[in-house]
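Dear colleague,

I am passing on the structure we spoke about, and below it you will find my notes on what turned up in it. Please read them with the coordinates open beside you.

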Amino acid sequence: VVTVKNHSSGHMAHVDFKAIGWLGGDPHNVDGYIESPDGEVKCLLRGKWTEELRCYPVKKDEETSTLDITGDNGDIADEFSLLWKANPKPPGAEQMYGLTTFAISLNETSPVLAKKIAPTDSRR
């Protein structure tokens with residue numbers, strides 16, 4: 001679990017990057033919650049670190065003190081804030097180890113750079 005604290009407001013985000021396990025499962029899952037300075041859970045975080053991260057408002061059951069993000073039909077609530085969404089992968093990303101456009105651009109060389117890099121540099 002990774003904890004990030006906002007030192008200005010005192011809020012904390014607790015994020016758990018889920019392991020996939022031996023028998024498979026759903027890879028890349030992220031779960032967590034945001035806690036106020038007084039320890040109250042304000043919202044739950046759900047998503048995949050390869051796709052998107054959503055923030056769901058919390059409904060608290062006063063009898064059991066459990067937190068819930070389900071809607072009236074029992075499914076996960078439609079009401080959420082999208083915190084982050086991954087950019088689409090470039091065409092042919094599978095042949096480039098699944099790298100993002102930014103990561104691929106780091107290996108590109110210009111004619112000016114090509115004259116300055118070492119002869120042993122793999123980007124030649």
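Six strands form an open sheet in the order β1-β2-β3-β4-β5-β8, and their pairing is antiparallel. At the edges stand β1 (2-5) and β8 (81-85), each of which has a single partner strand, so one side of each is left without a neighbour in the sheet. Neighbouring strands of this sheet are turned against each other by 20 degrees on average, if direction is ignored. Please keep in mind throughout that this is a predicted model.

For the chain as a whole, there are eight strands and two helices, and they follow one another along the sequence as β-β-β-β-β-β-β-β-α-α. The chain has 124 residues, of which 17% count as buried, and its accessible surface comes to about 9600 Å², with 55% of that belonging to carbon and sulfur atoms. Among the contacts between residues at least 6 apart in sequence, 20% join residues that are at least 24 apart.

Within the sheet, I looked at two of the pairings in some detail. Strand β3 (residues 29-35) runs antiparallel to strand β4 (residues 41-48), and seven bridges join them; one of the pairs is Ile34 with its bridge partner Cys43 in β4. The hairpin of β3 and β4 has five residues between the strands, and in this hairpin Gly39 takes a positive phi near 90 degrees.

The largest nonpolar core has five residues in all, namely Val15, Val30, Cys43, Leu45 and Cys55.

Which of them count as buried, and what do their side chains reach? Glu52 lies in strand β5 (residues 52-57), and it counts as buried because its relative accessible area of 16% is under the 20% cut-off. The side chain of Glu52 makes a polar contact of 2.6 Å with the side chain of Arg54. Beyond its neighbours within four places in sequence, Glu52 is in contact with Arg46, Gly47, Leu82, Trp84 and Lys85.

His14, in turn, lies in strand β2 (residues 12-17), and at 12% relative accessibility it is likewise under the 20% cut-off and therefore counts as buried. Its side chain makes a polar contact with the side chain of Thr3, at 3.0 Å. Not counting residues up to four places away in sequence, His14 touches Val1, Val2, Thr3, Asp31, Gly32, Tyr33 and Glu35.

With best regards

Notes:
Residues numbered from 1 in each chain as written. Predicted model: local features only at pLDDT ≥ 70, side-chain atom pairs only at ≥ 80, totals over all residues. Heavy atoms only, no water. Helix = DSSP H or I, 4+ residues; strand = E, 2+ residues; numbered from the N terminus. Buried < 20%, exposed > 50% of the residue type's maximum accessible area, 1.4 Å probe, protein only. Polar contact = N/O pair within 3.5 Å; in protein donor to acceptor, adjacent residues only side chain to side chain. Contact = heavy atoms within 4.5 Å. Areas by Shrake-Rupley, 256 points an atom, 1.4 Å probe, with all protein chains shown as cover. Pairing = 2+ DSSP bridges. Core = buried A, V, L, I, M, F, W, Y, C linked by side-chain atoms within 4.5 Å. Axes fitted to C-alpha atoms, helices over the stretch in contact; angles between N-to-C directions.
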